[in-house]
Amino acid sequence: MASRTTEWNASGSASARGTGRHTGVGRSSGYNQEPGTTVTLEQTEVNGAVTSLVRRTVHPSGLRIVTEQMAGVRSAAVGVFIGVGSRDETARQHGCSHFLEHLLFKGTPSRTALEISSSLDRVGGEFNAYTAKEYTCFHARVLDVDLPLAIDVVGDMLTSSLITAEDVEAERDVILDEIAMHDDDPDDVIHNLVAAQAWGAETPLGRGIAGTEASISALTREEIDDFYREHYVAPRMVVSVAGNVDHDEVVAMVEKAFSGSGFLTAAAAPVAPREGSPLEVAPGETSAQRPLEQVNVILAREGLQRGDDRRFAFEVVNTAVGGATSSRLFQEVREHRGLAYAVYSYAYSHAETGLFGVQVGCLPAKLDEVLEVVRSELAAVARDGITAEELELGKGQLRGGLVLGLEDSASRMSRIGRAELVHRELYSIDEVLARIDAVTLEDCREVAAEILSRPEILAVVGPA
């Protein structure tokens, strides 16, 4: 089923083919876009030179194809983002998304597991996958001339996986080993503890992504196959491609590669980004004993929901608090007092909730002093906000991190793919930079006063 090639500009109005451009500062929404049409977002420099071209096509099946044509590169990266992750599982299905991610590499009617892995090895490509709480991603990076191969392999895997009983049993042991490996990693353990405390150990957001020994051991081949057929459907998928690519050629490649098993035959609308009522974070203390030399600590609290307009201001606050070597926590905890080798803060969000946390690794004898210093610094920022110098440092750090982090095709692919799947719009890089530059001291003071004054979660992993 071919998609139409009518082009649309970033505001959604019809335009002649090749002229649907939105230059400089701008963003592409597209959620009222008709199936089979294309929307374009152009990124330009001050002199008018086009540095990248983002285009989005909605196939009649509901499959979305987004590309970013980048100037001056010879690579291409493709990612398929599926809107299903660990939070979409029932208690009985716990770990199924991750289990399925493994199984899709095991073979199709036209390729064995070895042929899948060797096909991209043969051209020097990179090929992998990962499962998150809200989505699963399969991604590859190759020379631009090898993009048809990469898309064909990924499309075959995602639409026509065999999921045999033999493969399920073989991979079950691999995943059980992986769960044991994560249980030996204090960083994995402590972040799972924080999530379990924040949202409840038996809730979809509070459970670990990989599952448990009990849940993985209980999953049957039929249950995994049912999960595959329910969730791996065109309206839940985004194919994201960036690099030296042509959008129309990519659309044709995707239509061919994803045509197996009748995958594109039914007409449907894309599944909209996840929404939900605000979900509160439960404060409290949690811990796990491990025979370690260090104690690993996180002080967390409820953060911002995805899409909150204050997120740019809070990113500046986060950078000033613990996001760089010039940050308050790094300077006070490590440089001035020598209490820890590593200390940093982080923030992440879901549709209905978010977390802000400070993570430190220190000797057990220094734990009380570390907690005292961290709490004192957070309280000071909550009370007084950040300084004008910290505001400028934070903005500079964010600007540089954004631009430098988007220097390769894989990062560009990931950016537009996630924006399509979990957000309602794609900001141009210029627009993001403008939003960062617009942050004021008062913006930072207000959001810091709210977030950093919230009740805390204390998670500790270390020796008894």
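F258 and F263 are both buried. In this predicted model, the number of aromatic pairs comes to 11. One of them joins F258 and F263: the ring centres are 6.1 Å apart and the planes stand at 50°, so the pair is tilted. F314 and F356 form an aromatic pair of the edge-to-face kind, with 5.4 Å from centre to centre and 70° between the planes. F314 belongs to helix 9 and F356 to strand 13 (residues 354-362), so this pair ties together parts that are 42 residues apart in sequence. F314 has a relative accessible area of 4% and is buried; F356 is buried as well, with a relative accessible area of 1%. Ring pairs also link F105, F127, F138, Y228 and Y232 into a cluster.

The protein as a whole contains 15 helices and 15 strands. Of its 464 residues, 53% are buried. Among contacts with a separation of 6 or more, 77% come from residues 24 or more positions apart.

Helix 9, which carries F314, spans residues 311-322. With 12 residues at 1.5 Å a residue, helix 9 should span 16 Å, and the distance of 16 Å between its end C-alpha atoms agrees with this. Since 10 of these 12 residues are buried, helix 9 is largely enclosed by the rest of the structure. The buried residues are F312, A313, F314, V316, V317, N318, T319, A320, V321 and G322.

Part of the surroundings of helix 9 is supplied by helix 15 (residues 441-451), and the axes of the two helices come within 9 Å and cross at roughly 80°. An angle of 65 to 115 degrees counts as roughly perpendicular, and helix 9 and helix 15 are therefore roughly perpendicular to each other. On the side of helix 9 the contact involves A313, F314, V316 and V317, which meet D443, C444, V447, A448 and I451 of helix 15. Sorted by class, this contact has eight nonpolar residues, no polar residues and one charged residue.

In helix 12, the residues K395, L398, R399, L402 and V403 meet I429, V432, L433, I436 and D437 in helix 14. By class, the contact of helix 12 with helix 14 comprises seven nonpolar, no polar and three charged residues.

Backbone angles were also examined. Most residues other than glycine have a negative phi. I163 has a positive phi, near 50°, although this residue is not glycine. The loop between helix 3 (147-160) and helix 4 (165-183) holds I163. With a relative accessibility of 2%, I163 counts as buried. S261 is likewise a residue other than glycine with a positive phi, near 60°. The position of S261 is in the loop between helix 8 (247-257) and strand 10 (284-289). The relative accessible area of S261 is 64%, so this residue is exposed.

Conventions:
Residues numbered from 1 in each chain as written. Predicted model: local features only at pLDDT ≥ 70, side-chain atom pairs only at ≥ 80, totals over all residues. Heavy atoms only, no water. Axes fitted to C-alpha atoms, helices over the stretch in contact; angles between N-to-C directions. Helix = DSSP H or I, 4+ residues; strand = E, 2+ residues; numbered from the N terminus. Parallel < 35°, antiparallel > 145°, perpendicular 65-115°, else oblique. Contact = heavy atoms within 4.5 Å. Nonpolar A, V, L, I, M, F, W, Y, C, P; charged D, E, K, R; others polar. Expected span 1.5 Å × (residues − 1). Buried < 20%, exposed > 50% of the residue type's maximum accessible area, 1.4 Å probe, protein only. Phe/Tyr/Trp six-rings, centres within 6.5 Å; stacked < 30°, edge-to-face > 60°.
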